[in-house]
Amino acid sequence: MAIPISYNLRNLRLRLATTAMTALGIALTVAVAVFILSLLTGLQRAFVQSGDPLNVLVIRKGSQTELQSGVDRDSFQTIKNLPGIAKNKEGEPLVSGEFVVVMTIPRRNGTGEANVTVRGMLPIGRELRPNVRLVEGRWFNPGQREIVVSQSINKRFSNAGLGQELFFGKGKWKVVGMFDAGETSASSEIWGDANLMSGDFDRAAAFSSVLVHATDPIAAVALRNRMNDDQRLKLDGFSEPAYYAEQTKSGDVIKIVGFMVTIVMAIGSCFAAMNTMYAAVAYRGREIATLRILGFSRPSIITSFVIESVLLSLIGAALGLLLTLPLNGMTTGVGNVAFSETVFSVRLTASVAISAIVFAVIMGLVGGLAPAWHAARREILAALRD
């Protein structure tokens, strides 16, 4: 015969102070785990949502990032004439030579400086990014020392407002527009004219990368294979989403440190839950013996105490999720493998919440099993004499 759950709920209410303290400890552990998972989810979202599956990013063979790459102008012209490349309404191939550098800009809040990606592109480059929209001002004019910045760059960094100027290369660049790139890596970038930028940095003979838009998925695969196999070009082609997904390696440090902290706190929370349940066993010795006399079996008592421990953990999980809820959507930044800062938002998703609940249940099971076994193994007469 099973012991009703209402019995466990009543016991948790009777020991309200102990229940609250243990639940709070579990809540703090869950909150740390949720925050780490939400950070990683936001970071992965910023990179994985970046790019179009039909876009092929071409960089020099052996390079890991655009910043390390170089594609000469002759190779660029060869790429433009390859089959399988889509064209715009004017009949131009959707191929953009791009120049990428990193510059240091002071933060608005005065906490120091950070590296920001500056991307020079050909005018057709905007057509390869249809999801990016202008929200204020205008796009830069080719051949002019003009730039457009993302909304997050505008909010986080000094001298990045409309009409203001940033100094890099060989002079000042005027901010003439602001764009919204959603939760993608482009939200961490500044855009300008590729030819003018490459000349400013004395690298006019080559682009950093070439972005190509294929006509269909089969053509995209063929273009990637052509880049990788052609020994004359000495280039590598990547699916744009796959390339950006690779950049999530910048979150490995957050993941390792966060998980180490979470594991240490989880061990402490398990001991706290175990201590609470052992105290309950000691306090309720006669009650447990009475349950045995009434006909409840040892497995029923073990199950009841484990359920009570899991309920305690679930209360902690709910509190932990409530503690981290105000942080959902908070914007932060992290350095990526290209040595610049990537801006992303903390995202508390359903999968993160489910992971937190499962994590809490595991803590409850680990913390409650030993006391439950101890409670069920006590001799009835010894428990009644206590």
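## Glu98 and its partners

The side chain of Glu98 makes a 2.8 Å polar contact with the side chain of Arg129; such a contact is a pair of N or O atoms within 3.5 Å, where within protein one must be able to donate a hydrogen and the other to accept it, and residues adjacent in sequence count only if both atoms are side-chain atoms. Arg119 gets its own side-chain link to Glu98, also listed at 2.8 Å. Then there's Ser96, whose side chain is joined to that of Glu98 by a polar contact of 3.0 Å.

A quick word on what you're looking at: this is a predicted model, where local features need pLDDT of at least 70, side-chain atom pairs count only at pLDDT 80 or more, and totals for chains, interfaces and linings use all residues. Residues are numbered from 1 along each chain as its sequence is written, and side-chain values use heavy atoms, with hydrogens and water left out.

## Where Glu98 sits

Glu98 belongs to strand β3, residues 95-106. Helices (H or I, at least four residues) and strands (E, at least two) are DSSP runs, numbered from the N terminus. With a relative accessible area of 0%, Glu98 is buried; buried means under 20%, exposed over 50%, and partly exposed in between, using a 1.4 Å probe and protein chains only.

Leaving aside residues up to four places away in sequence, Glu98 touches a set of neighbours including Glu66, Gly120, Met121, Phe207 and Leu211, with contact meaning heavy atoms within 4.5 Å. Ser208 is also one of those neighbours: Glu98 and Ser208 are 110 residues apart in sequence, yet their C-alpha atoms are 5.8 Å apart in space.

## The whole chain

Zooming out, the protein has 12 helices and 14 strands. Of its 386 residues, 48% count as buried. Take the contacts between residues at least 6 apart in sequence, and 78% of them join residues at least 24 apart.

The accessible surface comes to about 17,900 Å², with carbon and sulfur atoms owning 61% of that; areas come from the Shrake-Rupley method with a 1.4 Å probe, and for residues only the protein chains shown count as cover.

## Two loop residues with positive phi

Asn159 isn't a glycine, but its phi is positive, near 60°. You'll find Asn159 in the loop between α4 (151-156) and β7 (165-168), and at 36% relative accessibility it is partly exposed.

Asp202 also has a positive phi, about 55°, without being a glycine. Its loop runs between α5 (194-200) and β10 (206-207). Asp202 counts as exposed, at 61% relative accessibility.

## Helix α10

Ile315 lies in helix α10, residues 298-324. Its relative accessible area is 36%, so Ile315 is partly exposed.
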